[in-house]
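Notebook open, structure on screen. I want to look up a loop, then the sheet, then the core.

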Amino acid sequence: MNTEKQENLAILDSFITLQDNWDGCNAVAPEEQIIKLVKDFILQLKWQPEIFPTPDGGIQLEYTVGANQHLNIEILSEQTVNIFEMFADRPYSEETIHYDVEDIKRRIDRFYGYKAQ
């Protein structure tokens with residue numbers, strides 16, 4: 001296992017200690033079930049993201065290339081994922097999808113493939 005994956009797994013482990021109101025603004029702490037789901041997902045990724053808890057109890061995976069390419073994947077549950085994409089030469093997009101590992105992995109690959117065009 002590479003260092004980036006190990007670091008991301010350690011970050012996810014640290015979320016277990018978060019309590020509700022972890023940000024001082026009534027944020028909900030991620031449940032262990034979501035942390036485990038994201039840990040299992042991280043192990044499958046070739047592109048490792050930056051990882052953050054979200055105020056609504058989810059976990060955000062963030063990819064950035066340069067100043068103008070962003071892909072944010074917010075995993076809220078085993079059912080719900082929000083995808084946010086921003087590129088310099090096309091409109092910002094946002095959608096909510098059903099949690100599907102292969103679909104999300106394709107989106108990440110496409111994000112990095114887009115850079116090569």
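**Entry 1: the loop**

I started with N21, which sits in the loop between α1 and α2. This is a predicted model, so I am reading computed values throughout. N21 is no glycine, yet its phi is positive, near 70 degrees. I noted that because most residues other than glycine have a negative phi. Is N21 buried, exposed or partly exposed? Its relative accessibility is 37%, so I put N21 down as partly exposed.

N26 is another residue I checked in the loop between α1 and α2. N26 also shows a positive phi, about 70 degrees, without being a glycine. With 66% relative accessibility, N26 counts as exposed; the cut-off for that word is over 50%.

**Entry 2: D23**

I then went to D23, again in the loop between α1 and α2. What does the side chain of D23 reach? I found the backbone nitrogen of C25 at 2.8 Å. I also found the backbone nitrogen of A27, 3.1 Å from a polar atom of the D23 side chain. D23 has a relative accessible area of 32%, so I logged it as partly exposed. Along the chain, D23 and P55 are 32 residues apart, but I read 7.7 Å between their C-alpha atoms.

**Entry 3: the sheet**

Next I traced the strands. I get an open sheet of 5 strands, ordered β1-β2-β3-β4-β5, with antiparallel pairing. Which strands stand at the edges? They are β1 (50–53) and β5 (90–98); each has a single partner strand, so one side of each lacks a neighbour in the sheet. On average, neighbouring strands are turned by 15 degrees against each other, ignoring direction.

I went through some of the pairs one by one:

- β1 and β2 run antiparallel and are joined by 4 bridges; I51 has L61 in β2 as its bridge partner.
- β2 and β3 pair antiparallel over 7 bridges, and I59 stands opposite I75 in β3. The two strands form a hairpin with 3 residues between them, and G66 in the turn has a positive phi of about 65 degrees.
- β3 and β4 pair antiparallel over 6 bridges, with N72 opposite F84 in β4. Here the hairpin goes through 4 residues.

How many residues of β3 are buried? I count 6 of the 7, so β3 is largely enclosed by the rest of the structure.

**Entry 4: the core**

Last stop, the nonpolar side chains. The largest nonpolar core has 28 residues, and F41, I59, L61, I73, I75 and I108 touch the most other members. Elements giving two or more residues to this core are α1 (3–14), α2 (32–42), β2 (59–65), β3 (69–75), β4 (80–87) and α3 (101–116). Which element gives the most? I have α2 down for that, with 6 residues. As a general reminder to myself, nonpolar side chains tend to be buried together in soluble globular proteins.

Leaving out residues up to four places away in sequence, I see F41 touching L61, I75, Y99, V101, I104, K105 and I108.

Conventions:
Residues are numbered from 1 along each chain as its sequence is written. This is a predicted model: local features need pLDDT of at least 70, side-chain atom pairs count only at pLDDT 80 or more; totals for chains, interfaces and linings use all residues. Side-chain values use heavy atoms; hydrogens and water are left out. A nonpolar core is a set of buried Ala, Val, Leu, Ile, Met, Phe, Trp, Tyr and Cys residues joined through side-chain atoms within 4.5 Å. Buried means under 20% relative accessible area, exposed over 50%, partly exposed in between (1.4 Å probe, protein chains only). Contact means heavy atoms within 4.5 Å. A polar contact is a pair of N or O atoms within 3.5 Å; within protein, one must be able to donate a hydrogen and the other to accept it, and residues adjacent in sequence count only if both atoms are side-chain atoms. Two strands pair if DSSP finds at least two bridges between them. Axes are lines fitted to C-alpha atoms, for helices over the stretch in contact, and angles run from 0 to 180 degrees between N-to-C directions.
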